[in-house]
Amino acid sequence: MCLLLRMCTKPPLILNFSGTTNAMSDDTHSAVPSDKPAPKIAFSTLDLSSQVARALADMGFEHCSPIQAKSLPYSLSGHDVLGKAQTGTGKTAAFLIAVFEDLLRQPAPEERFAGEPRALVIAPTRELVMQIAKDAAAIGKYAGLSVQTLVGGMDFNKQMQALHGQFVDILVATPGRLLDFCERREVYLDQLEILVIDEADRMLDMGFIPQVKRIVRLAPRKTHRQTLLFSATFSDDVLRLAESWMFEPVSVEIEPETVATDSVEQFIYMVSGDEKLPLLCNLISMPDVKNVMIFANRRDQCRTLYERLRKQGYKVGLLSGEIPQGKRVKTLEAFKEGSLQALVATDVAGRGIHIDGVSHVVNYTLPEEPEDYVHRIGRTGRAGNTGQSISFACEDDAFRLPAIEELLGRKLKCELPPEHLLNYDN
Ligand SMILES: Nc1ncnc2c1ncn2[C@@H]1O[C@H](COP(=O)(O)OP(=O)(O)OP(=O)(O)O)[C@@H](O)[C@H]1O
């Protein structure tokens, strides 16, 4: 189905604010101007299906977040959309609403096979896939469409049974396990109507790119599917590649002048390697530090740090790629419930994961990729809340600061940690 056909078969979207519908008839290659703040749009004024509208009301979502307000007019009318907005600003709902509306507006093909999803969402980590599926279950509560997940580290046969138990409308998956299923001819992507790539810059970086390319090759041509890409950061290389997979994409950016979320107060403490652990212990003991996520770059660093914190009597969890999936899920749940003070994690938890009430993010080591800094600190200060990030910069990693500052487009104030946080009793 070509884009024109896609657009014609959908009822036009009626929006209650001026300008947007005009902009849609303009050159669709260009970025949507973002100098004016997005007008506040109530979901009830959008031409949404009663099923989605009711579910959003149940979730307490009254107004669109800016990325939703700016992307939905395009995605709902069938355009390919490249959406960029700060962390924690509602990108997940922005693409899920579009997916549900798309599937609800068009009848399912008459000839269908199990294992042929109509929509596919791919995301880089298992945790993120589970979270997106949970959000999809909420938004799709009344839609009568099935949502299935495919992630590595879980029992293959159980996933296969679940997949074949009913027709899959929306499949949410990590790339590796999805390709396993495609190779075993358990999943076919040739009937996809809509492809979503979440955390697109991570999905299109060196580690994932071969897998994502294969997935895209298995899907219908770009003129025959709708493609939505969302992320908080996009490098130029990623943008070029992404656009080659999209048909006349509309680029929607929110506040491009501030890459990192401005709801997070950022501190950089210049420390020696020896000062890091006592500083961290003092920090997580502070009364206003509620739920803290501590990031380090490598799995072995995270494990050492986790064990040292546990020895000191802190209730901490560990999240990294080597940990069995079942344990990862339990740890994340324990942290979400508040039974852990802190979570030590690699960048596996740096993107997309939404946990209410994370008050602080600590970068125990500065990330190798500047984009990861933006995603890590975005685990706090989400959905209208504020938060603090504290990064430890010692001689081994302070050289990464200039690249981070370049990405942020501003200098970060580097300071010595406050004296009271530097006692060595720990
Ligand atoms: N319109 C809305 N009204 C109220 N809350 C919302 C709305 N849209 C999203 N949220 C809530 O905001 C929080 C953050 O949303 P979400 O996880 O989608 O952010 P994100 O932009 O995808 O972040 P990241 O870049 O870190 O992946 C979630 O708890 C979500 O339920």
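Helix α5 (residues 91-105) gives the largest share of the shell around the ligand, three residues. Helices (H or I, at least four residues) and strands (E, at least two) are DSSP runs, numbered from the N terminus. The model is predicted: local features need pLDDT of at least 70, side-chain atom pairs count only at pLDDT 80 or more, and totals for chains, interfaces and linings use all residues. Residues are numbered from 1 along each chain as its sequence is written.

The shell around the ligand holds 19 residues, of which Thr87, Gly90, Lys91, Thr92 and Ala383 come nearest. A residue is near a molecule or strand if its C-beta atom, placed from the backbone, lies within 6 Å of it. By class, six residues of the shell are nonpolar, 11 are polar and two are charged. Here Ala, Val, Leu, Ile, Met, Phe, Trp, Tyr, Cys and Pro count as nonpolar, Asp, Glu, Lys and Arg as charged, and the others, Gly among them, as polar. The ligand shell lies between domain 1 (43-253) and domain 2 (264-421), because both give residues to it. Domain bounds come from an automatic or database domain assignment.

The centres of domain 1 and domain 2, taken over C-alpha atoms, are 29 Å apart. Contacts link 18 residues of domain 1 with 17 residues of domain 2. Two residues are in contact if their C-beta atoms, placed from the backbone, lie within 7 Å. On the side of domain 1 that touches domain 2, α6 (126-139) and α9 (200-203) each supply at least two residues. Helix α6 gives the most to that side, with four residues. The residues of this side of domain 1 divide into five nonpolar, seven polar and six charged.

The protein chain as a whole has 16 helices and 15 strands. Of its 426 residues, 47% count as buried. A residue is buried if 20 or more other C-beta atoms lie within 10 Å of its own, exposed if 12 or fewer, and partly exposed in between, with C-beta atoms placed from the backbone. Among contacts between residues at least 6 apart in sequence, 79% join residues at least 24 apart.

The largest nonpolar core has 116 residues. A nonpolar core is a set of buried Ala, Val, Leu, Ile, Met, Phe, Trp, Tyr and Cys residues joined through C-beta atoms within 7 Å. Val99, Leu120, Val172, Ile294, Leu343 and Val344 touch the most other members. Helix α5 gives the largest share of this core, nine residues. Domain 1 (43-253) and domain 2 (264-421) both contribute residues, so the core lies between them. Leaving aside neighbours within four places in sequence, Ile294 is in contact with Leu280, Leu305, Ala342, Leu343, Val344, Val362 and Tyr364.

Strand β2 (residues 81-84) is covered on both faces. Val81 and Gly83 on one side are buried, as are Leu82 and Lys84 on the other. Strand β2 runs parallel to strand β7 (residues 226-231), joined by four bridges. Four bridges also join β2 to strand β8 (residues 250-253), again in parallel. The bridge partner of Leu82 is Leu229 in β7 and Ser251 in β8. Two strands pair if DSSP finds at least two bridges between them.

Seven strands form an open sheet with parallel pairing, in the order β11-β12-β10-β13-β14-β9-β15. Its edge strands, β11 (316-319) and β15 (414-415), each pair on one side only. Within this order, strand β10 (residues 291-295) and strand β13 (residues 358-363) run parallel and share five bridges. Phe295 stands opposite Asn363 in β13.

Several loop residues were also examined. Ala42 sits in the loop between β1 (31-32) and α3 (50-59). Ala42 is exposed, because 11 other C-beta atoms lie within 10 Å. Leaving aside neighbours within four places in sequence, Ala42 is in contact with Glu62 and His63. Ala42 and Cys64 are 22 residues apart in sequence, yet 6.1 Å apart in space, C-alpha to C-alpha.

Most residues other than glycine have a negative phi. Arg185, not a glycine, has a positive phi of about 55°. Arg185 is found in the loop between α8 (175-183) and β6 (194-198). With 8 other C-beta atoms within 10 Å, Arg185 is exposed. Glu248 also has a positive phi, of about 40°, although it is not a glycine. Glu248 is found in the loop between α11 (236-244) and β8. Glu248 has 13 C-beta neighbours inside 10 Å, so it counts as partly exposed.
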